[in-house]
Amino acid sequence: MKPATREWVRCAEEDFEVATALMRRRTKTAANSIGFHCQQRVEKYFKARLEEAGSVAPRTHDLVALLQLLLPAEPLWASYAPSLRGLNDYAVRFRYPGHVATKRDASQALKACRSIREQVRLTLGLPHT
């Protein structure tokens, strides 16, 4: 695996550690932040996959745009598009006042990012942990 790919994976896993730690809290789960870190994790895993394929990871937070770049190599990932649209909102929209995610929203974001993580790790030849 390329060094840049490994670095993207390391960063993605750090985001997931933060999201899961926040979800475990009994009070004040910080649902917006959980969603943000889930979005970031998927973004970084997609960029890892792009790097490993020899493409330069573009400077974007748009998961659907990143998916479009990955579809030639990973056509079955098209099924993730609906989840990615939901996760996209956490990149910017939920970082500002006026938008509040619920604990249920955060749970769905975590579920989506776990599923996507499994597929990307499988493609990268990484163990399921």
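This is a predicted model: local features need pLDDT of at least 70, side-chain atom pairs count only at pLDDT 80 or more; totals for chains, interfaces and linings use all residues.
**Helix α2 against α3**

- Two packed helices are described by the angle between their axes and the distance between the axes.
- The way α2 passes α3 is a left-handed crossing.
- On the α2 side, the contact uses Gln39, Val42, Glu43, Phe46, Lys47, Arg49 and Leu50.
- Facing them from α3 are Leu63, Leu66, Leu67, Leu69 and Leu70.
- Sorted by class, the residues where α2 meets α3 come out as 8 nonpolar, 1 polar and 3 charged.

**Helix α2 against α4**

- With α4, helix α2 makes a crossing at roughly 115°, and the two axes come within 8 Å.
- That angle makes α2 and α4 roughly perpendicular to each other, because the range for that label runs from 65 to 115 degrees.
- This crossing of α2 and α4 is left-handed.
- From α2, the residues that meet α4 are Ala31, Asn32, Gly35, Phe36, Cys38, Gln39, Val42 and Phe46.
- Their partners in α4 are Leu84, Leu87, Asn88, Tyr90 and Ala91.
- The contact of α2 with α4 has 9 nonpolar and 4 polar residues, with no charged ones.
- Look out for Gln39, Val42 and Phe46, which turn up in the contact of α2 with α3 and in the contact of α2 with α4.

**Helix α4 against α5**

- The axes of α4 and α5 cross at roughly 120° and come within 10 Å.
- At that angle, α4 is oblique to α5.
- The α4 and α5 crossing is left-handed.
- Ser83, Leu84, Leu87 and Tyr90 make the contact from α4, while Asp105, Ala106, Ala109, Ala112 and Ile116 make it from α5.
- By class, that contact of α4 with α5 has 7 nonpolar residues, 1 polar and 1 charged.

**Aromatic pairs**

- The structure holds 2 aromatic pairs.
- One of them is Phe46 with Trp77, a stacked pair with 5.9 Å between ring centres and 15° between the planes.
- Phe46 belongs to helix α2 and Trp77 to the loop between α3 and α4, so the pair ties together parts that are 31 residues apart in sequence.
- Phe46 and Trp77 are both buried.
- Tyr90 and Phe94 also pair: their ring centres are 4.7 Å apart and their planes are at 25°, so this pair is stacked too.
- Tyr90 and Phe94 are buried as well.

- Asp15 is part of helix α1, which spans residues 3–24.
- Asp15 counts as buried because its relative accessibility is 8%, and the cut-off is under 20%.
- Setting aside neighbours within four places in sequence, Asp15 contacts His37, Gln40, Arg41 and Lys44.
- Ala106 is in helix α5, residues 103–124.
- At 0% relative accessibility, Ala106 counts as buried.
- Beyond residues up to four places away in sequence, Ala106 touches Met23, Ala31, Ile34 and Tyr90.
- Ala106 and Ala31 are 75 residues apart in sequence, yet their C-alpha atoms are 5.1 Å apart.

- Most residues other than glycine have a negative phi.
- Lys28, though not a glycine, has a positive phi of about 50°.
- Lys28 sits in the loop between α1 and α2, and at 70% relative accessibility it counts as exposed.
- Ala30 also has a positive phi, near 60°.
- Ala30 lies in the loop between α1 and α2, and at 30% relative accessibility Ala30 counts as partly exposed.

How values were computed:
Residues are numbered from 1 along each chain as its sequence is written. Side-chain values use heavy atoms; hydrogens and water are left out. Helices (H or I, at least four residues) and strands (E, at least two) are DSSP runs, numbered from the N terminus. Buried means under 20% relative accessible area, exposed over 50%, partly exposed in between (1.4 Å probe, protein chains only). Contact means heavy atoms within 4.5 Å. A crossing is left-handed if the near helix is turned anticlockwise from the far one by less than a right angle, and right-handed if clockwise. Ala, Val, Leu, Ile, Met, Phe, Trp, Tyr, Cys and Pro count as nonpolar, Asp, Glu, Lys and Arg as charged, and the others, Gly among them, as polar. Rings of Phe, Tyr and Trp (its six-membered ring) pair if their centres lie within 6.5 Å; planes under 30 degrees apart count as stacked, over 60 as edge-to-face and the rest as tilted. Axes are lines fitted to C-alpha atoms, for helices over the stretch in contact, and angles run from 0 to 180 degrees between N-to-C directions. Angles under 35 degrees count as roughly parallel, over 145 as roughly antiparallel, 65 to 115 as roughly perpendicular and the rest as oblique.
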